[in-house]
Amino acid sequence: MDQLLRVMNFVVAADGIGAGPDEQQSLEQPFGLDRAERLFAWAGATASWPNRTDAGGSRGLDDYFTRDFPRNIGAEIMGRNKFGPQRGPWQDHEWRGWWGEEPPFRTPVFVMTHHGRPSFTLSDTTFHFVDGTPATVLEQAREAAQGKDVRLGGGVTTVRQFLDADLVDTLHVAVSPVKFGSGLRLWESPDELLDRFHLEVVPSPSGVTHHLFWRR
């Protein structure tokens with residue numbers, strides 16, 4: 001069976017915005033948006049949310065998606081902006097991501113950047129910093145995944161690069177019922193992808209609408 005490139009639990013607002021402009025990203029605002037947590041409230045409320053520290057949480061449709069996050073994933077690809085707020089050459093190597101000593105990936109992670117730095121490991125996640133086209137980075141990730149699928153983690157610009165290169169096999173986008181007005185858009189409308197993907201739209205009681213795309 002082919003190794004799929006999967007976008008999972010990617011969240012955008014009702015106006016297609018998934019992050020603010022690059023210059024608005026900071027340590028205080030990782031997504032560069034005002035109250036970006038509104039995008040993710042549905043996931044954080046589920047029983048299977050990986051950062052949950054207390055018992056409880058919802059079951060049902062939303063929980064299915066958070067529970068599915070690690071299934072058959074052998075590697076992750078992300079853009080540098082998802083890894084951290086720095087730009088340009090690395091000034092130091094102190095920054096090791098937003099996730100603390102126990103990142104939720106538990107696989108090799110390939111961070112796309114034009115500025116190299118040594119790989120490092122936190123718990124059971126190893127971060128590699130790679131410069132290349134989407135196709136060449138995907139080739140590296142597939143080799144590291146050892147037959148499992150590769151997850152494309154984002155952010156918006158990185159997902160668009162892989163979509164534009166026609167490398168994405170399945171795409172799950174949760175559309176939250178908020179609007180930001182300006183920022184980085186995944187799309188103007190999900191219909192833009194219908195020339196290449198089938199689409200099913202599934203509303204959730206939480207208020208988000210799950211968009212499930214798979215290659216035609």
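Trainee: Which elements do the buried residues of α2 pack against?

Mentor: This is a predicted model, in which local features need pLDDT of at least 70, side-chain atom pairs count only at pLDDT 80 or more, and totals for chains, interfaces and linings use all residues. Residues are numbered from 1 along each chain as its sequence is written, and side-chain values use heavy atoms, without hydrogens and water. Helices (H or I, at least four residues) and strands (E, at least two) are DSSP runs numbered from the N terminus, and contact means heavy atoms within 4.5 Å. The buried residues of α2 pack against β1 (5-13), α1 (37-44), β8 (170-176) and β11 (209-215).

Trainee: Which residues of helix α2 are buried?

Mentor: Buried means under 20% relative accessible area, with a 1.4 Å probe and protein chains only. Helix α2 spans residues 61-68, and its buried residues are D62, D63, F65, T66 and D68.

Trainee: Which residues touch the most other members of the largest nonpolar core?

Mentor: A nonpolar core is a set of buried Ala, Val, Leu, Ile, Met, Phe, Trp, Tyr and Cys residues joined through side-chain atoms within 4.5 Å. The largest holds 30 residues, and those touching the most other members are I77, F162, V168 and L186.

Trainee: What does L186 touch, not counting residues up to four places away in sequence?

Mentor: L186 belongs to the largest nonpolar core. With those sequence neighbours left out, L186 touches F10, V12, G16, V156, V159, R160, L163 and V173.

Trainee: How many helices and strands are there in the protein?

Mentor: Of the 216 residues of the protein, 46% count as buried. The protein has five helices and 11 strands.

How values were computed: Buried < 20%, exposed > 50% of the residue type's maximum accessible area, 1.4 Å probe, protein only.
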